[in-house]
Amino acid sequence: MDIFRIIGVGLATAVTALIVKQVKPEIAIIVGVAGGVIMLLMLVDSVTSILSVFSSLTQKSGLSTGIFAAVLKIIGVGYITEFSANLCVDAGSTSIANKILLAGKILILVSAIPIVTNLIDIISGLLP
């Protein structure tokens with residue numbers, strides 16, 4: 001299973017960063033980022049299959065591709081925001097992490113506007 005490989009890379013990264021942090025704290029951050037990138041690269045096949053499922057659902061549902069694009073964008077912003085904020089926390093910059101999280105939440109809200117607008121249009125079309 002892929003999760004065991006990812007956990008292995010994560011644990012190896014954490015231990016390596018902990019050891020390096022005692023000698024060169026600035027390099028420990030780079031080790032953490034590199035481990036995170038490796039783990040993300042291990043997920044490329046999974047992300048590709050998810051995108052193909054969303055593409056298939058878009059074609060079958062008859063809904064606007066803009067709605068599905070907005071959903072994917074919201075999910076992507078959420079994951080990238082969380083990943084980046086956690087890197088900042090690991091680097092000791094909690095205040096920057098909080099600002100990244102706030103920015104991510106605002107961008108998610110902005111990305112959700114087309115979905116909310118479409119939902120309101122559907123509901124108003126159902127009302128007499």
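**Exercise 1. Name the residue that forms a salt bridge with arginine 5, and say how far apart the closest N and O atoms are.**

Solution. 
Step 1. In this predicted model, arginine 5 forms a salt bridge with aspartate 2, and their closest N and O atoms are 3.0 Å apart.
Step 2. The cut-off for a salt bridge is a side-chain nitrogen of Lys or Arg within 4 Å of a carboxyl oxygen of Asp or Glu. The pair of arginine 5 and aspartate 2 is listed as such a bridge, with 3.0 Å between the closest N and O atoms.
Step 3. As background, side chains of opposite charge can pair when their charged atoms come close.
Step 4. Now place the pair. Both arginine 5 and aspartate 2 belong to helix α1, where they are three residues apart, about one turn of the helix.
Step 5. Count the salt bridges. The structure holds one.

**Exercise 2. Decide whether arginine 5 and aspartate 2 are buried, partly exposed or exposed.**

Solution. 
Step 1. Recall the cut-offs: buried is under 20% relative accessible area, exposed is over 50%, and partly exposed is in between.
Step 2. Arginine 5 has 49% relative accessibility, so it counts as partly exposed.
Step 3. Aspartate 2 has 38% relative accessibility, so it counts as partly exposed.

**Exercise 3. Find the helix that holds isoleucine 7, classify the exposure of this residue, and name the surface patch members.**

Solution. 
Step 1. Isoleucine 7 lies in helix α1, which covers residues 2-23.
Step 2. The relative accessible area of isoleucine 7 is 40%, so this residue is partly exposed.
Step 3. Patch members need over 30% relative accessible area and no salt bridge.
Step 4. Met1, Ile3, Phe4, Ile7 and Leu11 together make a nonpolar surface patch of about 580 Å².

**Exercise 4. Describe the largest pocket by its volume, its lining and the helices that supply it.**

Solution. 
Step 1. The volume of the largest pocket is about 770 Å³.
Step 2. Its lining consists of 19 residues, and those nearest the centre are Leu40, Leu43, Val47, Tyr79 and Ile80.
Step 3. Three helices each supply at least two lining residues: α2 (25-41), α3 (44-61) and α4 (65-90).
Step 4. Helix α4 gives the largest share of this lining, with eight residues.
Step 5. Sorted by class, the lining of the largest pocket has 14 nonpolar, four polar and one charged residues.

**Exercise 5. Locate glycine 32, leucine 41 and serine 95, and classify the exposure of each.**

Solution. 
Step 1. Glycine 32 is placed in helix α2. Its relative accessible area is 24%, so glycine 32 is partly exposed.
Step 2. Leucine 41 is placed in helix α2. At 57% relative accessibility, leucine 41 counts as exposed.
Step 3. Serine 95 is in helix α5, residues 94-126. With a relative accessible area of 42%, serine 95 is partly exposed.

**Exercise 6. State the C-alpha separation of alanine 69 from leucine 41 and from glycine 32, and that of serine 95 from alanine 85.**

Solution. 
Step 1. Leucine 41 and alanine 69 are 28 residues apart along the chain, and their C-alpha atoms are separated by 22 Å.
Step 2. Glycine 32 and alanine 69 are 37 residues apart along the chain, with 31 Å between their C-alpha atoms.
Step 3. Serine 95 and alanine 85 are 10 residues apart along the chain, and their C-alpha atoms are separated by 9.5 Å.

Notes
Residues are numbered from 1 along each chain as its sequence is written. This is a predicted model: local features need pLDDT of at least 70, side-chain atom pairs count only at pLDDT 80 or more; totals for chains, interfaces and linings use all residues. Side-chain values use heavy atoms; hydrogens and water are left out. Patches are made of residues with over 30% relative accessible area and no salt bridge: like charges are joined within 9 Å, nonpolar side chains (Val, Leu, Ile, Met, Phe, Trp, Tyr) within 5 Å. Accessible areas come from the Shrake-Rupley method with a 1.4 Å probe; for residues, only the protein chains shown count as cover. Helices (H or I, at least four residues) and strands (E, at least two) are DSSP runs, numbered from the N terminus. Buried means under 20% relative accessible area, exposed over 50%, partly exposed in between (1.4 Å probe, protein chains only). On a 1 Å grid over the protein atoms alone, a cavity is a set of points where a 1.4 Å probe fits but cannot get out, and a pocket is an open set with protein on both sides within 12 Å along at least five of seven lines; lining residues have an atom within 4 Å of a point. Grid points are joined across faces, edges and corners, and a volume is the space filled by probe spheres set on the points. Ala, Val, Leu, Ile, Met, Phe, Trp, Tyr, Cys and Pro count as nonpolar, Asp, Glu, Lys and Arg as charged, and the others, Gly among them, as polar.
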